[in-house]
Amino acid sequence: MASSSIASLLFSAASALPAGSGARRSPPFGRAATRQQQQQQPRRRLVVAAAGKRRYKGTARKEALLAELVERKVAEAMEACAGHEAEPGCRVAWDEVEEVSQARADLRRRIAEAPDDPLEPFCALNPGADDCAVVYDD
Amino acid sequence: MAICGAHTTTSLHSPCTTVSNTGCFQQKQVIFFTSNRRSGRRHGGARTFFQVSCSVEKPVIIGLAADSGCGKSTFMRRLTSVFGGAAEPPKGGNPDSNTLISDTTTVICLDDYHSLDRNGRKEKGVTALDPRANNFDLMYEQVKAIKEGLTSLLDPPEVIRPPKIFVIEGLHPMFDERVRDLLDFSIYLDISDDVKFAWKIQRDMAERGHSLESIKASIEARKPDFDAFIDPQKQYADAVIEVLPTQLIPDDNEGKVLRVKLIMKEGVKNFNPVYLFDEGSSITWVPCGRKLTCSYPGIKFAYGPDTYYGHEVSVLEMDGQFDRLDELIYVESHLSNLSTKFYGEVTQQMLKHADFPGSNNGTGLFQTIIGLKIRDLYEQIVAERAGAPAEAAKV
């Protein structure tokens, strides 16, 4: 499958990387630290090899939230309408489903279309924000 | 001139409306505060506000009625692209913002004028489609202010250039008569039920929570409100893009091949409808033949006069799909009154966004054409305004 071949490509590329490159923080000084770093390196290479898309925590969280919200809202709507199709409560419930479904679709499309993360403009100015922590997923 | 004062409550039920200046003097600033529950949720509880400063240039206001969410719709992206640049949320501002800004265009989402937030709507049994969910007074005040040349900016307190084109997009841009009168041009995107169903299936089937039944139930539950409140707006629109299932493939229900009608009102100021071959006559045209080979199901055009809700209209219709670049350029070369600035501009715009949905059928074609028409309308209005002071000076 494509992903395994990409992974192996990354793996071989990563092993060619000089020590300390790709580190998020500046490399610690001192001999003990270097040894620790050497120990870390294979692990880091593994991370690079397994890494899929780089994204911000805020976006990953939003995606998960929306997916769960869609599920929940559909269940609520089914319940609200069981036997009460004509009532406003039923209509409002399905309207909510539509709203979250559209939001979910918009986010999915936005992520797929552009190479950068939707939170890019925000995180460029607020790199310290919790939402701007970098996560990788496959 | 009053400035909206101490509305520090986080009440989401009564956005502040304080617009008491009617004139516009040099560089005065007015601050409108509105509540926006979306921006309040995740990023620091920032509330959307308009910071306006006066300028001489008055934008042209376009209304777009669509049920596909705000600002992110394909139509909007094509429109802003015709004017140049890509539209993005305001820099440094709320990333969840529904506002898009490009060099020449600002798109405002009418969702932000909900007077009732989701909980309020639930309590009252009111859907987002219901006009009771909106604050039309606020909408009117702010659109009026924008039209009078007050630049409006949102979230970040930085000044930006006044937009040439101001688009208000949402479910109810033409619902309120006062707002309607402020629009220089209005468009309604009319998706037929079959196509809507097919699109929503494509959109939602992959979602964990959804099934065929839930998608169907959602459409049916929203239909009464949609038919009562949203649909009637199409009689007021200057242009309607109607999307129907194709007639070229019998029993097609996938919604992939589409029949799209561009219904253009006659007699609208600064707007000359597109026509095929001979203006005012009725034409059916199948471009595929000796000069142009098309793959299945081909392309079929129709053009002719008609009446629509009591108005005289011209209807240009396309059924089928574009397969290749030369089909597109061939079709473009036979259409008239496109308001292009050079031969092939429509094709160029379509190619630029070949990845957008609808790029191979009438939806993309007509949205692009409407974009060019709006540009033409804008330039005519600007030329008029430039001419007018000269006239006044003569007198």
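Predicted model: local features only at pLDDT ≥ 70, side-chain atom pairs only at ≥ 80, totals over all residues.
pLDDT is the predictor's confidence in each residue, on a scale from 0 to 100.

**Entry 1: confidence in chain A**

The average pLDDT of chain A is 69, and 62% of its residues score at least 70. I then asked which element of chain A has the lowest confidence and which the highest. Helix 1 of chain A (residues 2–15) is lowest, with a mean of 42, while helix 3 of chain A (residues 57–81) is highest, at 88.

I also looked for stretches where pLDDT stays under 50. One of them covers residues 1–33 of chain A, where the model has 19 contacts beyond four places in sequence. Residues 46–50 of chain A also stay under 50, and there the model has seven such contacts.

**Entry 2: the two chains in outline**

I wrote down the elements of chain A next. Chain A has five helices and two strands, and from the N terminus on their order is α-α-β-α-α-α-β. Chain B has ten helices and 15 strands.

In chain B, buried residues make up 56% of 395.

I looked up the contacts by separation as well. Among contacts in chain A between residues at least 6 apart in sequence, 66% join residues at least 24 apart. For chain B, with a separation of 6 or more, residues 24 or more positions apart account for 67% of the contacts.

**Entry 3: helix 3 and helix 4 of chain A**

Two packed helices are described by the angle between their axes and the distance between the axes, so I looked up both values for this pair. Helix 3 of chain A packs against helix 4 of chain A (residues 88–113) at about 155 degrees, and the axes are 9 Å apart. Are the two helices roughly parallel or roughly antiparallel? Helix 3 of chain A is roughly antiparallel to helix 4 of chain A because of that angle, the cut-off being over 145 degrees. The crossing of helix 3 of chain A with helix 4 of chain A is left-handed. I sorted the residues of this contact by kind: 17 are nonpolar, three polar and six charged.

**Entry 4: helix 4 of chain A against chain B**

I followed helix 4 of chain A across to chain B. The axes of helix 4 of chain A and helix 6 of chain B (residues 193–204) come within 10 Å and cross at roughly 60 degrees. This crossing of helix 4 of chain A with helix 6 of chain B is left-handed. Which residues meet here? From helix 4 of chain A they are A:Glu98, A:Ser101, A:Gln102, A:Ala105 and A:Arg108, and from helix 6 of chain B they are B:Lys200, B:Arg203 and B:Asp204. By kind, the residues of this contact come to one nonpolar, two polar and five charged.

B:Ser218 sits in helix 7 of chain B (residues 212–230). Its relative accessible area is 5%, so B:Ser218 is buried.

**Entry 5: B:Phe366**

Is B:Phe366 buried or exposed? B:Phe366 counts as buried because its relative accessibility is 0%, the cut-off being under 20%. Not counting residues up to four places away in sequence, B:Phe366 touches B:Ile241, B:Val260, B:Lys261, B:Leu262, B:Leu316, B:Glu317 and B:Met318. I also checked B:Gln202, which is 164 residues from B:Phe366 along the chain; their C-alpha atoms are separated by 22 Å.

Methods
Residues numbered from 1 in each chain as written. Chains lettered and ligands numbered in written order. Heavy atoms only, no water. Buried < 20%, exposed > 50% of the residue type's maximum accessible area, 1.4 Å probe, protein only. Contact = heavy atoms within 4.5 Å. Helix = DSSP H or I, 4+ residues; strand = E, 2+ residues; numbered from the N terminus. Axes fitted to C-alpha atoms, helices over the stretch in contact; angles between N-to-C directions. Parallel < 35°, antiparallel > 145°, perpendicular 65-115°, else oblique. Left-handed = near helix turned anticlockwise from the far one by under 90°. Nonpolar A, V, L, I, M, F, W, Y, C, P; charged D, E, K, R; others polar.
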